[in-house]
Structures are given as C-alpha cells and as structure tokens.
Amino acid sequence: MREKTRTTRPAQQSGIKDVRPIPPVLIDKMIGDEGFKTIDRTWSAFRARSNGGISPAALGLALFDWSIHLASAPGKQMELAIKANQKAVRLLSYAMAASIDPKTPSCVEPLPGDRRFVGDEWERQPFKLWAQAFLLQQQWWHNSTHSVPGVTPHHEDMVSFGARQFLDMLSPANNPFANPEVLNKTIKTGGMNFVHGLQNWMEDVSRIATGQMPVGTENFVVGKDVAVTPGKIVYRNDLIELIQYAPATDVVVAEPVLIAPAWIMKYYILDLSPQNSLIRYLVSKGHTVFCISWRNPTAEDRELSMDDYRRQGIMAALDAINAIIPDQKIHATGYCLGGTLLAIAAASMACRRDERLASLTLLGAQTDFTEPGELALFIDHSQMHFLESMMWNRGYLSADQMAGAFQLLRSNDLIWSRLVREYLMGERTEMIDLMAWNADSTRMPYRMHTEYLQRLYLDNELAAGRFMVDGRPAALQNIRIPIFVVGTERDHVAPWRSVYKIHYLSDADITFVLASGGHNAGIVSEPGRPRRHYRIAVKRTADLCRSADEWAEYAEAKQGSWWEEWVDWLTANSTIERLPPPATPGAAEKGYKPIEDAPGTYVLQR
C-alpha cells in the first residue's frame, strides 16, 4: 500500500514564525570581544562570593603540581617515610620517658613566635604529649611540601601555606577538650566561659551583619581620641585632603615635611594617640608637617588610575606646599604603598629635572617586587583574574576582602588565638589604638588596584625601569637626593629584605634602618617604649653595595626608637636656617585657604 505523502505548509501559513538559528559569525558581531570578557568576569565574580576571593584554579594547579611531582619522586617518598618513622620513634620515646618523669625535656620545640603551647598548663600530661605530637606532625608536613623535585617555587609556597592553615585549624590549642587553659577556665567558672563566649560571638556576628566596627573601637574616636594633633585642611580635591599641622615651637626648620600614607589605610596610623603619634613628634621637634588624607573611593571611582593617585595626590600636595611655603624644598615621606607611589613620583621628577625635593624617606615601602613575601601567595595570573573580576563587578576592592588575606598570613595570631580567647575562654581582648585603626580600613578602586598588582607585583616594571610616567620611564637610578629607608624585622607585607633592594636600584646616599616589630608596630615605635631596637648603616654613592645579610652583620645595633635617628637625619639634610612658623596656615591669597580643622572629612568616610 503506497504511503500517503504528507505535505507541510509554509510556516507563515500555519501561523508559526520562521525561526532559524543565528549564524555564529553574527553572534560574534552582536556580542563582540568585550561581551565575551564580560561573561567570564561576571561568572568569576559570582564564584568569588562563595570562596572568599581565592581562585580555585590557582589552588588546584598548585596541588596538582606538587602531588604529581611527589608521586614521581621515589627518593622523596623514601625520605618522608624514614622521617615519619623517626618522628614516631621520637614521640614514643618521649611518651615512655614522660610517663616515668613528667619533667622530661621536650622532643621538639615550637617555631619562633609560636606561643600556642606556652604556659604551666601545657607542661602537664597528656596535654604536652598532644602538643608534641602536633609539632612533630607540623615538621613532617613542612618536609612534605618543600624540596619536592620539579615543583614550581610559587606552587610549593602555596601548598605549604595551605597545609599550614589546615594544621593550624586542627591544633590542640583550638580544641576545648585538648586545651588545658580552656578546661581550667571551664572548671573555675562552671562553664560560664562558654556562655560569655557565645555572647561575644553573637555580638561580633551582629556587628558584622550591620556593618558596625568591632567591639571597643568606639573608645577611639577619630578627632577626639586619635588623630588629635592640631592642624587645618588647607587643600582638598576629589582624591585628597592636605593637612597642615600647627607649629609647636618658636622656630621651625625651613624645609617642610610631606607625608604620603598608603591609600589602603587611614592616614592616622602616623597620628594615633598623642604619646605615639609620629606627626606630633615631628612637630614637637620643629618641623612643619603636611600629611595627605586619602578619600575612601566608591564604585563611582572605579576608573581612578595609579597616575591619578600620583597627579591628584603626590603632585597636587607638592604644588600646594610650594604655594604655602615658597622657595623651600620638601622632605617627602611615604609609608607602605604611599612610599612606592612617592618613589615613582620622585623618579619621574628627577627625570624632568624637577628639584623640589630635599630628601626621600620610605617607611616599609617596596620598590622591587621580585620577593614580596607571603603576600605573593595571593598574587599570580589566575588569582589576578579572580581579583580583577571581583573589583570589576563592584568597582573596588573592599576592606573585608583585603583583611581576610592579611589575617591568613598570621592565622595563629589574628584568627585562631583570638577565637580561643574570645569564644572558648570568654574573654574580650582589650582594644588599643593600633587595633582600632586597623579595623578602620578603606577600599581601593578597580583600575588603580589592577594596575598596581599587574605592573608592580606581576611585571615588576618599576625595578626593571619600565614603569612609564607621561611617556618616560620612572627610573629610580635618576634619584640623587638622600634617601632614608626603614624596614621592620617581622614585616609580612613588605619583608625587609625586599625593602632593602632599593640599594640595588638607586645610586643616591641611602641610610637604611632595620627596626624591631612588624609592618605597623615597627613604624609606630615612639621613644621610651621598652624592648625596642634597630640596626642602621649608611651607603654612600661611592661605597660597595652589600647583600641584605651582609648588611645585617655590618650595621650598627642600637637600643631605642629609630624616630630619633630619623629626626637627626632630617636635620642633617636641611639648611641651618630656622624661621618663625607661619602666622596662619595655608595661603588664602593663593587659593589655599584653611577649609576646616584636622582631621578633616575624608578620614571619617566608611
């Protein structure tokens, strides 16, 4: 039987539109390259919300690199097996000896700075045995993640860092049933320490959810308790306020001081409480001090660039100071990122024969980023794409995203010990001015931070002489004015050996100081504080350049504060002329009329 032939009516006759697939070429034209990039950035920004901004691809690549090389290294495997056996024997021997004599010496000691197991309670068994077992395991994992043949150094650092974070989480100190201090507190309080800890946790969660500052920061009000050195805002643009501080002496040094803090932090790290304010100290020594206060950027400022920060920040401040105090050179001082930007500006000025600077001071500021320390763990091309996507989506990098990375670098001190103390012991840590300032962080605009990470951290353009400013390279070799540089011993943001590399990049006279403390506490190091020390040495233009380790052996060791050394250096690099201080701040006749009292408006922005 012949099959009946079916006829299909045209789509127009059936009432259905003629839907045909869009050719790929037309899709490409409709979306374009930027459209495809937007899709990728949106997806990456969405994923970043669930993993704290850490790139899974970066972690996965590091883990794969380490594991595949370890799997193909039988010698390393044998070494680890032997070490595991040796450590097990050491632990067993210690356990047997300690069961007979509780005062048996430890079989392993904590790393320098690790105070989790310090105290009489940790000398009792079985707590000390658990601590010893943990420390031996920590040693073994350090051996496991290091010196695996063929692993990329960056991936080795990432795997080691990840292993350390995981082990820190499992530390006996974090377990309420294995921490003798928590157990003793529980017995003494009848368990009320956990009640108080729960209250502390609920209060912290509530403050985070409502965008409030941490508990205790209300006792350090900007302009009332901190940042109280008298002064006036004498210039303001869309990016900075310039503060001129009131004189405290009958005569002042002719050359004023300009301070450029990092825009990642509020400026008053250098003007904390009156007793530890570097700005107040300078003023008391007869210096006329100006300080930049950066505006806290929002999503509307996403396109601000590094050059905008140079022009509207450093250069605008210099122009204002030149108008207020004419015919005098300026001692320029930069802290952290502000120091890096100031070095770029000084190099650009030197290239253009702009001789307005009398000296350059860099405090915890890097100019060579080949060895930036543990912060480099969060900066590679994969992580850069993730960060850039987050900033592109928001228009800025938020304070909480930056704080998380810095806390991980010192997780024992900044995360786990705090959780134990406040949530298990039920004790609140007393807030101090430095901690309150640290909680008052700022944002960084998308374009500027992207350029900063790409051009300095990844491409190291400044040290290579490839950082261009107005079409010319900002070459540090062109700087001829005296340079004073401060690094700190325990700096995890700008390691002192990295800061020291300015010696390899400049032919100027360099005075280098290695101060005790960390990135912040080492700079806020007022005279009279106990247990402070520093090393200092001068490299003249004609001197041979030493390595960092050679310098540490050669440099003179001194007790006290490096502030005094710096003030003497500023005096030595100033003219002998002393002038009466200005009768009034600013220069109203030149357009720099005092606007309001310090600390101004920008520092209060949240």
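Colleague: Is Tyr457 buried or exposed?
Modeller: Relative accessible area decides: buried means under 20%, exposed over 50%, and partly exposed in between, with a 1.4 Å probe and protein chains only. Tyr457 has 11% relative accessibility, so it counts as buried. This is a predicted model, where local features need pLDDT of at least 70, side-chain atom pairs count only at pLDDT 80 or more, and totals for chains, interfaces and linings use all residues. Residues are numbered from 1 along each chain as its sequence is written, and side-chain values use heavy atoms, leaving out hydrogens and water.

Colleague: How do the rings of Tyr452 and Tyr457 pair?
Modeller: Rings of Phe, Tyr and Trp (its six-membered ring) pair if their centres lie within 6.5 Å; planes under 30 degrees apart are stacked, over 60 edge-to-face, and the rest tilted. The structure holds 22 aromatic pairs. Trp140 is partly exposed, with a relative accessible area of 24%. Trp141 is also partly exposed, with 31%. As for Tyr452 and Tyr457, their ring centres are 5.6 Å apart and their planes lie at 75°, so this pair is edge-to-face. Tyr452 is buried, with a relative accessible area of 4%.

Colleague: Which residues form one aromatic cluster?
Modeller: Trp496, Tyr500, Tyr504, Phe512 and Trp551 do.

Colleague: How many residues of helix H16 are buried?
Modeller: Helices are DSSP runs of H or I, at least four residues, and strands are runs of E, at least two; both are numbered from the N terminus. H16 covers residues 446-458, and ten of its 13 residues are buried. Among them are Tyr446, Met448, Glu451, Tyr452, Arg455 and Tyr457. Just after H16, Asn460 takes a positive phi of about 50°.

Colleague: Which charged end sits over the ring of Tyr446?
Modeller: The test is geometric: NZ of Lys or CZ of Arg must be within 6 Å of the ring centre and within 35 degrees of the ring normal. Arg302 passes for Tyr446, with its charged end 5.2 Å from the ring centre. Arg443 does likewise over Tyr396, at 5.5 Å from the centre.

Colleague: Now the sheet. In what order do the eleven strands run?
Modeller: Two strands pair if DSSP finds at least two bridges between them. Here the order is S15-S14-S13-S12-S7-S6-S4-S5-S2-S1-S17, in an open sheet with mixed pairing. The edge strands are S15 (556-559) and S17 (596-597), each pairing on one side only.

Colleague: Which strands pair with S12?
Modeller: S7 (residues 357-363) is joined to S12 by four bridges and runs parallel to it. S13 (residues 510-515) pairs with S12 over six bridges, also in the parallel sense. Follow Val485 in S12: Leu362 is its bridge partner, and Val485 stands opposite Phe512 in S13. S13 then pairs with S14 (residues 533-539) over six bridges, this time antiparallel. There, Ile510 has Lys539 as its bridge partner.

Colleague: Why is S12 largely enclosed?
Modeller: In a regular strand the side chains alternate between the two faces of the sheet. S12 (residues 483-488) has six of its six residues buried, so the rest of the structure largely encloses it. Ile483, Val485 and Gly487 are buried on one side, and Phe484, Val486 and Thr488 on the other.

Colleague: What does Tyr281 touch?
Modeller: Contact means heavy atoms within 4.5 Å. Not counting residues up to four places away in sequence, Tyr281 touches Pro527, Trp563, Glu564 and Val567. Tyr281 and Glu564 are 283 residues apart along the chain, yet their C-alpha atoms are separated by 9.5 Å. Tyr281 lies in helix H9 (residues 278-284). It counts as buried, at 13% relative accessibility.

Colleague: What is phi of Ser147?
Modeller: It is near 60°, a positive value in a residue other than glycine. Ser147 is exposed, at 59% relative accessibility. Ala227 also has a positive phi, about 55°, but Ala227 is buried, at 2%.
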